[in-house]
Amino acid sequence: MKVTKTAVKTAAAAGIAAMSVFAAAPAFASPPPNIQGFGTSEQLVDGALITNYTVSNLQPSNVAIPGYTPKGTLYQADITARSDAGLVTPMVNDFIARGPNGQNYRVIDKVGAPNGLNPAPIPQGGESTGTLYFDVTGAPPNGVVYNDGMQDILIWTSNMEGGSAPGAVNSPAPGAVNSPAPGAANSPAPGAPPAPAPTA
């Protein structure tokens, strides 16, 4: 059997082409979180289920939560969860308040939290409103994050155009420059999201 140089070159080229296809397989990275100003609705898509969350009015709170003694300053944020598709369950425990330095404050999920967001399922087209509470033991938060336990998915912050500063009821006028909440040191520049969560 006689093998020609052309056949060897063709086989070698085919092998290299096949190897480059496998070597160039795309890496599947998670999409970046959706970052919006306070008061903006954001969709959480989980297959055929779509929950629309709106978080606003992050501010210090003087509410007493039965059976809970804060270690720091109690903060609260208003939240609305609406089902845009399917029977959805608000994942209250996935919300975190975050400071400009990246410090996280888990949501207080005590059953007796006044006006807390009800975690009961919401039928398509229905909505539930309530309040999220956070025990802030460090820098005042400038954002609220929906984190699925592995990564940030949705972020609301006062550092976005159209977002209310923590404690403010209304968003600034269009074109107005957002400023950090009084006493909030080292806040990110306007337009910057809250600092990422510190890595362990």
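**Salt bridges, a sheet and a pocket**

Arg 82 and Asp 84 form a salt bridge, with 2.8 Å between their closest N and O atoms. A salt bridge here is a side-chain nitrogen of Lys or Arg within 4 Å of a carboxyl oxygen of Asp or Glu. Side chains of opposite charge can pair when their charged atoms come close. This is a predicted model, in which local features need pLDDT of at least 70 and side-chain atom pairs count only at pLDDT 80 or more, while totals for chains, interfaces and linings use all residues. Residues are numbered from 1 along each chain as its sequence is written, and side-chain values use heavy atoms, with hydrogens and water left out.

Both partners in this pair can be described by their accessibility. Buried means under 20% relative accessible area, exposed means over 50%, and partly exposed lies in between (1.4 Å probe, protein chains only). Arg 82 is partly exposed at 29%, and Asp 84 is partly exposed at 26%.

The structure holds 2 salt bridges. Arg 98 and Asp 152 meet in one of them, at 2.6 Å from N to O. This pair links distant parts of the chain: Arg 98 lies in strand E5 (residues 95–98) and Asp 152 in strand E9 (residues 152–157), 54 residues apart. Strands are DSSP runs (E, at least two residues), numbered from the N terminus. Arg 98 is buried, with a relative accessible area of 2%, and Asp 152 also counts as buried, at 15%.

Next comes the sheet. Four strands make an open sheet in the order E2-E3-E4-E7, with antiparallel pairing. Two strands pair if DSSP finds at least two bridges between them. Strand E2 (41–46) and strand E7 (127–136) are the edge strands, and each pairs on one side only. Strands E2 and E3 (residues 49–60) run antiparallel and are joined by 6 bridges. Glu 42 has Tyr 53 in E3 as its bridge partner.

On a 1 Å grid over the protein atoms alone, a pocket is an open set of points with protein on both sides within 12 Å along at least five of seven lines, and lining residues have an atom within 4 Å of a point. The lining of the largest pocket consists of 18 residues, and Val 92, Asp 109, Lys 110, Leu 117 and Pro 119 lie nearest its centre.

Key:
On a 1 Å grid over the protein atoms alone, a cavity is a set of points where a 1.4 Å probe fits but cannot get out, and a pocket is an open set with protein on both sides within 12 Å along at least five of seven lines; lining residues have an atom within 4 Å of a point.
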